[in-house]
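Please read these notes with the model open beside them. Each point takes one part of the chain and can be checked on its own.

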Amino acid sequence: MRRRDGHRPGRQGGGIFWWLIRWGLLLGVTVGLGGVLYGVHLDRVVRVKFEGKRWSLPARVYARPLELYAGRGLTEEALKAELGRLDYRPVSPPAKPGTFAADKDGWRIHTRPFRFWDGEEPERTLDLTLADGKVAGLADAAGGPAPVLVRLEPPLIASIYPTQAEDRVLLRRQDLPDLLVKSLVAVEDRNFFEHGGVDPKAIGRALFENLRAGGMVQGGSTLTQQLVKNFYLSQERTLVRKATEAYMAVLLDMRYPKDDILEAYANEIYLGQDGSRAIHGFGLASQFYFDRSLGDIGIPQTALLVALIKGPSYYDPRRHPERSLERRNLVLDLMLEGQVITEDQANTAKAAPLGLRDGGGRPIGEYPAFLQLVRRQLQRDYTEEDLSTEGLGIFSTLDPAVQAQAERGIRERLPKLEKSKGMKPGTLESAAVITSVAGGEVLAVVGGRDADFAGFNRALDAERSIGSLIKPVVFLAALSEPERYSLTSSLSDGPVSLRVGDSIWSPRNYDHRSHGSVPLYKALARSYNQATVSLGLSLGVKRIAGLLTDLGVSHKVQVVPAILLGVTALSPLEVAQVYQTLAAGGFRAPLRAIREVTDAQGRPLNRYPLAVEQVARSDAVFLTTWAMQQVINQGTATALKKVLPEGLTVAGKTGTTDELRDSWFAGFSGDKVAVVWVGRDDNKPTTFSGAAGALPVWGDIMAALDNQPLSDVPPEGVTLGACGGGQVPYIRSGGVRCGGGGAGGGAGGGGQGGKGTTDGDADGPAVDGPPAPDKAEPKGPPVRPTKRASNPFLDDL
């Protein structure tokens, strides 16, 4: 039946219905297609990051490893200190890596495995005996062949963090203890190994519990969803983010095995904060909270780590121990419920303390001055991004034992020096550099009296006039001409005057006296300025500047007569390079703070080999070193004889600059070079000569170290000759043996003028005795030398 308007009844309602269906289908197809396309996008996001570089890993900087071998110098105190740096625990018997036991019969050490650049150092149990300050015996406690050499793992001294300051210790799936995995599943995701990334049962259970409690008491996120939230997404709480999280969790579970997901979760999860450093992953968290590796912790510690997942800040065990303890015990109940542990184990674990230890997971010490040198050398080969994201292993040359002695020497000696002059505490500053002779490796760097202060690094950046430290270079140049000079050649120590522009340069000796004709070796030992200047001018200032460059000074040296008395400004590191070359017999090896660099997998990258170049005659260097030994035996550093161990022969030179502003001592034993500077940051006079200021610090440091004496075996071409009753080395081919030779002129010489120093150190004040007298240099006319009929040096020898 039709209505009057011609329309059938119900037609309009039916049209709307089909219209809704059509548009609903279209909308569904559109949404479905959009969902598929969005899923393709999310799938790509999941794959790119999960299969690529997952984390920005900090570079880790290591000190040198302690090498153990028969005959190596090592005291019980030094071994105990090294094991302490490595956090080895005294346990009897030492059944696990990182433990040791000691008794009257010796040491048993269970070492940790470590991957070096040249291979893996395996886990071992060693029997070690010490006698007379050396390793007397080294054996395999398991009865295997006795190892020739064993390296303990190197101490971690620093990490170079990425911008966001995340830190983690990466673990493989097989490194995760079963207890931890079972606890995670029991507490965080019971159906982890069954669900497909999202667990509908857990969501329903959480919804029911939350409705019943009238608040948020339980979450339904799986471990996979938690990984997605932390690894890919932000922490915002919106429905869109939650839906994206679930979608990505399903995609992740479809593409990767459960073990891969579990491994990524264990390394990514955020578990605390250490200042600006974010603690990620169970590996680092175990070290940070308990100072133990993840494999070494027990049930209560494992429960605490799992407890922190819910809220690392809220349950921080150091700031909120009560909350943390309550949460840990709840986790133990869930572990019991999930049959991970027994009831007795749960009760025992609940009664245990939190067991926190300070300092875990951090580098063992702060070495800002040395690390500045490391970073400068690294920046020649790596970008800042490489250093903070690629997980590089930086194996440095730092010797923590040497560094500790250098810091102690400065810290304890400077207050005594200040007190002796009535100075305000904190007036003096100091810097020190110690290197190895054989390898040119920097063993220690102290940038100031507060060694932990990461500010101005005086060892690297304080360029100060070096005073008499230049004199061995002048005498080396002379002894390199054996046809003209020998150690006993006569030099004139008379007044020297040289016109420099509109003024007259007249350097004087420290004692304000002239000493007539003196043997060459004595002029160096007593640090006579006038004799040095006369000798340098006869050789040529340009030649001295060139030799200084050859020995290792990198910047341009100003060719002026005043460099003969050390007007050249150098840093302690540059001085160490010059004296390193002398100590190595004229072979220059650029000082290095890095041995090797490895990638995150332990594969070697850039090598830092020992590059050696001969820049001076070995025979002439030997003679110069002999003369520098006389600085200690009868010259300006005789105080060292009271400080250094008997039988330890060293060579060195004091240095003092204008108005006693800078006090230096640089010297070397058979295996170590040490340079010490003492001064003031405001460049005002210190009133200390090199013998009174830097020398006591140098003596304190070197006396505390294990040193080898200088070798007395001369190189080829050098022999000992009897001169005046003493044995003096000379170069056979030179023809000049006892006496003879000598400077060709007094005040002559070329080059441009310049302001000189008033150096010429006082003769040997005692290390603990009074400092050298504070005397200003005279400004009057030159003092004429006393005339002598013959040279006095034969009696001295």
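1. Overall make-up. Of the 797 residues in the protein chain, 53% count as buried. The model is a predicted one. The chain contains 23 helices and 32 strands. Among contacts with a separation of 6 or more, 71% are made by residues 24 or more positions apart.

2. The sheet with S1. Start with an open sheet of five strands, in the order S11-S1-S15-S25-S26, with mixed pairing. Its edges are strand S11 (156-160) and strand S26 (604-607), each of which pairs on one side only. From one strand to the next the twist averages 20°. Inside this sheet, strand S1 (residues 59-62) and strand S15 (residues 393-396) are parallel and share three bridges. Arg-60 stands opposite Gly-393 in S15. Helix H12 (residues 368-378) lies across S1, S11, S15 and strand S25 (594-598), and runs at about 50° to S11.

3. The nonpolar cores. Which residues of the largest nonpolar core touch the most other members? They are Leu-378 and Tyr-579, in a core of 100 residues. With neighbours within four places in sequence left aside, Leu-378 is in contact with Ile-160, Leu-387, Ile-394, Ile-594, Val-597 and Tyr-608. There is also a second, separate core of 56 residues, which includes Phe-231, Tyr-256, Ile-279 and Ile-309.

4. The sheet with S5. A further open sheet of five strands has the order S3-S4-S5-S8-S9, again with mixed pairing. Strand S3 (89-90) and strand S9 (134-140) are the edge strands, each pairing on one side only. Strand S4 (residues 99-103) and strand S5 (residues 106-110) run antiparallel and are joined by five bridges. Within this pair, Phe-100 stands opposite Ile-109 in S5. Helix H2 (residues 76-85) lies across S4, S5 and strand S8 (125-131), at about 20° to S5.

5. Most peptide bonds are trans. The bond from Ser-92 to Pro-93 is cis, with omega near -5°. Pro-93 sits in the loop between S3 and S4.

6. An enclosed helix. How many of the nine residues of helix H9 (residues 299-307) are buried? The count is nine of nine, so the helix is largely enclosed by the rest of the structure. Among these buried residues are Gln-301 and Thr-302, along with Ile-299, Leu-304 and Val-306. The elements they pack against are helix H3 (178-188), strand S13 (270-274), helix H8 (281-290), helix H10 (321-337) and helix H11 (343-351).

7. Gln-273 stands opposite Ala-278 in S14. Two residues lie between the strands of this hairpin, and Gly-275 has a positive phi near 65°.

8. Helix H14 (residues 400-420) packs with helix H22 (residues 694-704) at an angle of about 145°, and their axes are 9 Å apart. The crossing of H14 past H22 is right-handed. On the H14 side the contact is made by Gln-405, Ala-406, Gly-409, Ile-410, Arg-413 and Leu-417, and these meet Pro-696, Val-697, Asp-700, Ile-701 and Ala-704 in H22. Seven of the contact residues are nonpolar, two are polar and two are charged. Residues three or four places apart on an α-helix point the same way, because there are 3.6 residues a turn.

9. Most residues other than glycine have a negative phi. Gln-339 has a positive phi of about 60° and is not a glycine. Its place is the loop between H10 and H11, and Gln-339 counts as exposed because its relative accessibility is 73%. His-512 also has a positive phi, near 65°. His-512 lies in the loop between strand S21 (503-505) and strand S22 (516-519), and its 24% relative accessibility makes it partly exposed.

10. Is Asp-658 buried or exposed? Asp-658 is buried, because its relative accessible area is 16% and buried means under 20%. The residue is found in the loop between strand S28 (651-656) and strand S29 (663-668). Asp-658 and Gly-467 are 191 residues apart in sequence, yet their C-alpha atoms are 8.2 Å apart in space.

Methods. Residues numbered from 1 in each chain as written. Predicted model: local features only at pLDDT ≥ 70, side-chain atom pairs only at ≥ 80, totals over all residues. Heavy atoms only, no water. Pairing = 2+ DSSP bridges. Helix = DSSP H or I, 4+ residues; strand = E, 2+ residues; numbered from the N terminus. Contact = heavy atoms within 4.5 Å. Axes fitted to C-alpha atoms, helices over the stretch in contact; angles between N-to-C directions. Core = buried A, V, L, I, M, F, W, Y, C linked by side-chain atoms within 4.5 Å. Buried < 20%, exposed > 50% of the residue type's maximum accessible area, 1.4 Å probe, protein only. Left-handed = near helix turned anticlockwise from the far one by under 90°. Nonpolar A, V, L, I, M, F, W, Y, C, P; charged D, E, K, R; others polar.
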